[in-house]
Amino acid sequence: MKLLEIENLKKSFGELEVLKDISMSVEEGEVVSIIGSSGSGKSTLLRCAALLERMDGGTLKYCGETAAEDNGQGKSVYCSRKKLKELSGDFGMVFQNFNLFPHYSVLKNVTDAPVAVQKRNKQEVIKEAKELLKKVGLEGKEDSYPGQLSGGQQQRVAIARALALKPKMLFFDEPTSALDPEITAGILKVLKNLAAEKMTMVIVTHEIEFARNVSDRIIFMDSGLIVEEGSPYDVIDNPKNERTREFLQMCSDTD
């Protein structure tokens, strides 16, 4: 089953055309990594997929249900706000800068939305949240506040918070870019464990080796276009496009 379908997505900021006719889909249980240089449009693509930016043109579907469709004149028309809110429950988003509530404890950061937004049983949510915190390596940190945690620990809270909403898929925008290499390894291990559990994930990342090891499919973007996509073997080990080869060479030179 396709959990995410994007067709002919276009997005501009003023005169700058950031995304030029992007089409992609994500199957249930699939891990898709999006790689590319800064300014290639990969984060904007993710933000459009997560309803944080509005597409100018194109179609967007979650689990077969339409969130936005082309009106026949190249413009995207979105469904009602109520329907969008309902569809947004299909996915969770993890940001590079964590976006935790600083005045909430770790446990409250994780439990707040399931209780307040999804109206689920508070005790049940607390029990699940403690299990999730254990899963991401934060057992015993329930009463701590974000300011008392390292960057890596804060990112783990953000992942647990996203999982607490029981989404069908998770979007990650550069989940390790704000972290040092040692801490990054711990976050990548958490994501690998989620991949092993067949959690559907779309990950914008600059970690090429991680993308190779965890992804079912790699999308390489350049100048607002999908230049190449396929298995890690195809895109990273045997790229067909010259621009892909240049990008990967540049990454290996900076390692």
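Which side chain makes a polar contact with the side chain of Ser 215? The partner is the side chain of Ser 33, at 2.6 Å. Here a polar contact is a pair of N or O atoms within 3.5 Å; within protein, one must be able to donate a hydrogen and the other to accept it, and residues adjacent in sequence count only if both atoms are side-chain atoms.

## Before we start

This is a predicted model, in which local features need pLDDT of at least 70 and side-chain atom pairs count only at pLDDT 80 or more, while totals for chains, interfaces and linings use all residues. Residues are numbered from 1 along each chain as its sequence is written, and side-chain values use heavy atoms, with hydrogens and water left out.

## Around Ser 215

Let us stay with the serine we began with. Ser 215 sits in the loop between helix 7 (208–214) and strand 10 (217–222). Helices (H or I, at least four residues) and strands (E, at least two) are DSSP runs, numbered from the N terminus. With a relative accessible area of 9%, Ser 215 is buried. Buried means under 20% relative accessible area, exposed over 50%, and partly exposed in between (1.4 Å probe, protein chains only).

The side chain of Ser 215 also reaches the backbone oxygen of Ala 211, at 2.6 Å. If we set aside neighbours within four places in sequence, Ser 215 is in contact (heavy atoms within 4.5 Å) with Val 31, Ser 33 and Pro 232.

Now for the wider setting. An open sheet is formed by 6 strands in the order 7-8-9-3-10-11, with mixed pairing. Its edge strands are strand 7 and strand 11 (225–230), each of which pairs on one side only. On average, neighbouring strands of this sheet are turned by 15 degrees against each other, direction ignored. Two strands pair if DSSP finds at least two bridges between them.

Strand 3 (residues 31–35) and strand 10 run parallel and are joined by 4 bridges.

Is strand 8 (residues 169–173) buried or exposed? Its residues are buried, 5 of the 5, so the strand is largely enclosed by the rest of the structure. In a regular strand the side chains alternate between the two faces of the sheet. Both faces of strand 8 are covered, with Met 169, Phe 171 and Asp 173 buried on one side and Leu 170 and Phe 172 buried on the other.

Strand 7 (residues 91–94) runs parallel to strand 8 and is joined to it by 4 bridges; Phe 91 stands opposite Met 169. Strand 9 (residues 200–204) is parallel to strand 8 too, with 5 bridges between them, and Phe 172 has Ile 203 as its bridge partner there. Helix 5 (residues 151–164) lies across strands 7 and 8, at about 170 degrees to strand 7. Helix 6 (residues 181–196) lies across strands 3, 8 and 9, at about 145 degrees to strand 9. For these angles, axes are lines fitted to C-alpha atoms, for helices over the stretch in contact, and angles run from 0 to 180 degrees between N-to-C directions.

## Cysteines

How many disulfides does a search of the whole structure find? The search finds 0, where a disulfide is a pair of cysteine sulfur atoms within 2.5 Å. The sulfur of Cys 48 is 15 Å from the closest cysteine sulfur, in Cys 79, so it is too far for a bond. Cys 48 is buried at 1% relative accessibility.
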